[in-house]
Amino acid sequence: MAEAPGLPDLSARRSRLLGPGDRRGLVLSTASTVVVLAALLAIFLLAPGSRQVRHTFFNPTDMWQSFVGDPKAGYYSVGEALWLNIRMFVAAEILILILALVVAVVRQSTAPVLLPLRLVGTVYVDVARGVPLILVIFAIGFGVPALEISGVSSQSAAVYGVAALVFSYSAYVSEVYRAGLSSVHRSQAAAARSLGMSGWASMRYVILPQAIRIIIPPLLNDFISLQKDTALVGLLGSIEANKAAEIYSDTVFNYSSYTVAAILFLLLTIPLARFTDHLIARDQARRLAGARLWAERTGVRRPGTRTSLPQGRRPGPRTRRRRCGSRGYGNPSGPRRCCAASTWP
Amino acid sequence: MRQTTVAALAAITLMAASAGLVGCSSSTSSSASSSAATSASAASCTFAGVQSELYARGVLTVATDQPAYPPWFENNKPSNGQGYESAVAYAVATQLGFKPSQVKWVYEPFDSSYAPGPKKFDFDINEISYTAARAQVVTFSDSYYAVQQALVALKSSPIVTKHTPAELKTYIYGDQVGTTSLAFINSEIQPTQTPKVFETLNDVKQALQTKQIAALVTDTPTAQYISSSEIPGSVMVGQFPSTGEHYGLLFAKGNPLVGCVNKALATLKSNGTLAQLTAKYLQIYTTVPTIQP
Amino acid sequence: MLRGIDLAVAPHEVICLIGASGSGKSTLLRCVNLLERIDAGMIWLGGQLITGPGVDENLVRRHIGIVFQSYNLFPHMTVERNITLAPMKVLGLSRTEAGARATELLDRFGLAEKRSDYPDRLSGGQQQRVAIIRALAMRPRLMLLDEVTSALDPELVADVLDVIKELAHGGMTMLIATHEMGFARDIASRVCFLADGQIVEQAPPGQLFSQPSDERTRRFLRRIVDAGRM
């Protein structure tokens, strides 16, 4: 590119570190990553207390024993106890998604008849988000049985735990729903209402489907967090995975059971996290693909490129005369169109 | 320039690694010398003799959990010398030549009392039962109390009258995490429904009062105290026969101080102090019914 | 803000609203289909007062179709579903009946091959035509078009204008807010010039464009001519 008079050389100067291509950069970053990780591992393995720590936290025998369990010896299987966590968070998540949606829709509505419910909803969200989950678990888990209401007060600890989780998490998730609902442009609601759809129908068919697609990543995020919070239900006496790990640890005086519990939770949450990333990427790709195709078809061109039809286009059902003399959008210095019929999608 | 950058990075990480090595070298020397020290200090279990084995010189640092329950401690204040374990700790301290004012109490949650690495106390007294598995990680003193498990239930519970071995299997039990009660329940009683395990004894008592559990399993003195003073309308159904369990003081693995403490305990047993303290704090009932698991 | 609009539209009439931005064209249209509440005054549709108390707005909106500048297609539905949603859910048509209506309209406007595509795969002009079809699927008695070509690239405008012309020739009553003066001249029965929320002048296009009686109209038209848009 020729230099315009008065301007310095504008060609990019690449540093010698990143030489021709990025290959040297890649080698360097890989090497430094490996060196740092190896150094950390070395520090861990060579520290004086390393043998003790490895035996206490990573002892294979203890890890296996705690995974399998032995009730007669006083400890339970962490693996089996995980099943209780799974059942709790699946049940809780379903209830949370429903309750949070109700709260969000009520809080977003403007109908005057719903005003008392809106106030209750706001108070609920403030309280549920303000009180630590552990206190909610104690309040429901010990308080409800103490009330001695027949039927309600004699449930298992896991039921109270799920109730506490639903109470607390629905507030957070309802805010996520509200963010999703607000992010659907008002024009969508206007379009739906203009077609004669009632407020409820437009919410159900137009707004909600769009809102939910937008908020799936943060919803999955909250779900992953919920999975770990099921550990708190152990405070009510149920043998869930972390409680089983604690029992083993206190019985045998070894912490390896906690490592087992941590690994099991990772096995649950990592696939879910990668799935979330995949959903985000797929949604992005769809939207970007749409934008690219649209640009091609409407003939929005970068300046300087030749006018040409996209490859492989069949004549459309309508051929029409293009306006003579137009240059086309975005092409202020290009050639003018001739007044010949052309096929255009 | 590229080579020097890589070299610089490598040098920095190597320096960091070696700094870590240098910083943590103190613990190796102490564990090596402990076995040699045991025999040497066995002869001198006096105040002056044990100084080198203490966590803090001039002070006997004793740990226990919070809250500290009766009848083992009173009013949640270990330093008042009342309650069986508080009294035993002061008795041991006196045998070693410490004045009561030279005993310092610290809080150590049970879950971390057996963590690896140096301890922040000389010994931990917290109704901890000796088991072979636990003895591989920490050192226990000899017994200061022989333990039997007992049952507490509300007077209105069917378990008060129906507790044959077969009937015992049908109830939901509750106990505190970290106690040997769970192993006892599962191996001796063998209930059909999984017991509930709570973080603190207070939670277990709460669960009993709200009828979430049919009965609470704990050691006899605690059971006696709960049923007589703490939960109105509760009763100690009975105690189970001994399985050879005993409580011991918990020391860091290989701590040489245990030798002198064992000698002190032996003295307290032979001169009747332990029996006196047992009678004073731990025998609320003169007879305790025994039930079979 | 509208101040004193007095407008009567006879059946099959095409009224074009012209005026600068902010003159109230869009607001007027949104008031007609009850998207905006009016503070004072009355709107009558087919002899019935639609701004009185106790009027079911949803019922009213079934008979008025509106198309916006930004098309507002539902992005999570195919073209066909966009068109058939309201007839099915609001008018209670069966899937086949609604589908038949959609097919007929798509064929008529040359978009039959797009019926299973999502809106993001269509060009702006195609999306706008689908928006018009979506409004027509409800068989409204009145169509409101709010600057429907203003957001389109120039070469796509003609397609959409063709569609509107066809509607007008078919007898649809329409209120069109537009900047396309040539189009207004071709198609309108009457042109209204709005400024500051009032109708300054209304007259058949031949008269208004060549002999505007108000000074403000003259100034506006002069600016349009200078900008080369007429």
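This is a predicted model: local features need pLDDT of at least 70, side-chain atom pairs count only at pLDDT 80 or more; totals for chains, interfaces and linings use all residues.
In chain A, the domain assignment places residues 27-58 in domain 1 and residues 77-297 in domain 2. Taken over C-alpha atoms, the centres of domain 1 of chain A and domain 2 of chain A are separated by 37 Å. Chain B is likewise divided by the assignment, with domain 1 made up of 37-146 + 245-282 and domain 2 covering 149-239. For this chain the distance between the centres of domain 1 of chain B and domain 2 of chain B, again over C-alpha atoms, is 28 Å. The contact between the two involves nine residues of domain 1 of chain B and seven residues of domain 2 of chain B. On the side of domain 1 of chain B that touches domain 2 of chain B, six residues are nonpolar, one is polar and two are charged.

Two packed helices are described by the angle between their axes and the distance between the axes. In chain A, helix 4 (residues 78-108) and helix 9 (residues 199-229) have axes that come within 11 Å and cross at roughly 140°. The crossing in which helix 4 of chain A passes helix 9 of chain A is right-handed. On the side of helix 4 of chain A the contact comprises F89(A), A92(A), E93(A) and V105(A), which meet M203(A), F223(A), L226(A) and Q227(A) in helix 9 of chain A. The residues of this contact of helix 4 of chain A with helix 9 of chain A comprise six nonpolar, one polar and one charged.

In chain B, the axes of helix 4 (residues 84-95) and helix 10 (residues 257-270) come within 9 Å, with a crossing angle of roughly 110°. Helix 4 of chain B and helix 10 of chain B are therefore roughly perpendicular to each other. Helix 4 of chain B contributes A91(B), V92(B) and Q95(B) to the contact, while V261(B), A264(B), L265(B), T267(B) and L268(B) are contributed by helix 10 of chain B. Of the residues in the contact of helix 4 of chain B with helix 10 of chain B, six are nonpolar, two are polar and none is charged.

Chain B also contains an open sheet of five strands, which follow the order 7-6-8-5-9 with mixed pairing. Strand 7 (196-198) and strand 9 (234-239) of chain B each have a single partner strand and stand at the edges, so that one side of each is left without a neighbour in the sheet. From one strand to the next, the twist averages 30°. Strand 5 (residues 149-154) of chain B runs antiparallel to strand 9 of chain B, and five bridges join the two. Within chain B, L151(B) stands opposite G238(B) of strand 9.

Most residues other than glycine have a negative phi, and most peptide bonds are trans. Against this background, the peptide bond from Q66(B) to P67(B) is cis, with omega near -10°, and P67(B) is found in the loop between strand 1 (60-64) and helix 4 of chain B. A cis peptide bond, with omega of about -5°, also joins P70(B) and P71(B), and P71(B) is placed in the loop between strand 1 and helix 4 of chain B. N76(B), although not a glycine, has a positive phi of about 60°, and N76(B) is likewise found in the loop between strand 1 and helix 4 of chain B.

Terms used. Residues are numbered from 1 along each chain as its sequence is written. Chains are lettered from A and ligands numbered from 1 in the order in which they are written. Domain bounds come from an automatic or database domain assignment. Two strands pair if DSSP finds at least two bridges between them. Helices (H or I, at least four residues) and strands (E, at least two) are DSSP runs, numbered from the N terminus. Axes are lines fitted to C-alpha atoms, for helices over the stretch in contact, and angles run from 0 to 180 degrees between N-to-C directions. A crossing is left-handed if the near helix is turned anticlockwise from the far one by less than a right angle, and right-handed if clockwise. Ala, Val, Leu, Ile, Met, Phe, Trp, Tyr, Cys and Pro count as nonpolar, Asp, Glu, Lys and Arg as charged, and the others, Gly among them, as polar. Angles under 35 degrees count as roughly parallel, over 145 as roughly antiparallel, 65 to 115 as roughly perpendicular and the rest as oblique.
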